[in-house]
Amino acid sequence: MADLSYKPERWAVIAAEPDFEVSDTGRVRRAVSCSSHPAGYEMTLSRHKAGYFTVSLRGRPYYVHRLVVAAFVSPLPKGMVVNHINGLKTDNRADNLEVVTIAENNRHYRSRGLGAFKLNGAAVEAIITARASGVRAKDLADRHGVSHTTIKRILRRETYQDIVV
């Protein structure tokens, strides 16, 4: 059963922008007054073309989920990304966010049927095996309906790293 107990919203100063705070629910507000807005003024969130919420602070855009993670989950090391556990890109609650590798994030994305991945694990295995047998990358791209670049990235293990062959 879901935990329905009340949890007060927590706020933390945004390290990169100390005049602003982010909450553990994904809201952003001014921490100090300025000439146009008082302290506590809630900032307007925008939706990025990829579906994530962003906020503009001093003219610079920030992904809200990254701000929440940095403030309430853990630092975001280089090469790591933020995963929305429930798959909803707009749910920026701290308890819905986790720091993962790109491969883990892609695996989660595919396992929930969230993306428009053209290739599944079997197709990736077939591509790697066929290329090892001498089939040209261009022919593999034509056969699977993807670009030559996609095939090259698979073969260099830059994408679909979680598929074991």
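**Exercise 1. How are H3 and H5 oriented to each other?**

*Solution.* This is a predicted model, in which local features need pLDDT of at least 70, side-chain atom pairs count only at pLDDT 80 or more, and totals for chains, interfaces and linings use all residues. Residues are numbered from 1 along each chain as its sequence is written, and side-chain values use heavy atoms, with hydrogens and water left out.

Step 1: Find the two elements. Helix H3 covers residues 121–132 and helix H5 residues 148–155. Helices (H or I, at least four residues) and strands (E, at least two) are DSSP runs, numbered from the N terminus.

Step 2: Take the geometry. The helices pack at an angle of about 85°, and their axes are 10 Å apart. Axes are lines fitted to C-alpha atoms, for helices over the stretch in contact, and angles run from 0 to 180 degrees between N-to-C directions.

Step 3: Classify. H3 and H5 are therefore roughly perpendicular to each other (under 35 degrees is roughly parallel, over 145 roughly antiparallel, 65 to 115 roughly perpendicular and the rest oblique).

Step 4: Look at the contact, meaning heavy atoms within 4.5 Å. From H3 come Val 124, Ile 127, Ile 128 and Arg 131, which meet Ile 151, Ile 154 and Leu 155 of H5. These residues divide into 6 nonpolar, no polar and 1 charged (Ala, Val, Leu, Ile, Met, Phe, Trp, Tyr, Cys and Pro count as nonpolar, Asp, Glu, Lys and Arg as charged, and the others, Gly among them, as polar).

**Exercise 2. Describe the aromatic pair found in the whole structure.**

*Solution.* Step 1: Count. The search finds 1 aromatic pair; rings of Phe, Tyr and Trp (its six-membered ring) pair if their centres lie within 6.5 Å, and planes under 30 degrees apart count as stacked, over 60 as edge-to-face and the rest as tilted.

Step 1: Assign the type. The ring centres of Tyr 52 and Tyr 63 are 5.9 Å apart with planes at 85°, so the pair is edge-to-face.

Step 2: Tyr 52 is in the loop between strand S4 (45–47) and strand S5 (53–57), while Tyr 63 is in strand S6 (residues 60–63), so the pair ties together parts that are 11 residues apart in sequence.

Step 3: Check accessibility. Tyr 63 counts as partly exposed at 31% relative accessibility (buried is under 20% relative accessible area, exposed over 50%, partly exposed in between, with a 1.4 Å probe and protein chains only).

**Exercise 3. Is His 84 buried or exposed, and which residues does His 84 touch?**

*Solution.* Step 1: His 84 is found in strand S7. Step 2: With a relative accessible area of 6%, His 84 is buried. Step 3: Leaving out residues up to four places away in sequence, His 84 touches Tyr 52, His 65, Lys 89, Asp 91, Asn 92, Asn 96, Leu 97 and His 108.

Step 1: Turn to helix H2 (residues 102–111), where His 108 is buried, as are Ala 103 and Asn 105. The cover of the buried residues of H2 includes strand S7 (80–84) and strand S8 (97–101).

**Exercise 4. Compare the positive phi values of Arg 58 and Arg 157.**

*Solution.* Step 1: Recall the background. Most residues other than glycine have a negative phi.

Step 1: Arg 58, in the loop between S5 and S6, has a positive phi of about 55°. Arg 58 counts as exposed at 55% relative accessibility.

Step 2: Arg 157, in the segment after H5, has a phi near 65°. Arg 157 is partly exposed, with a relative accessible area of 31%.
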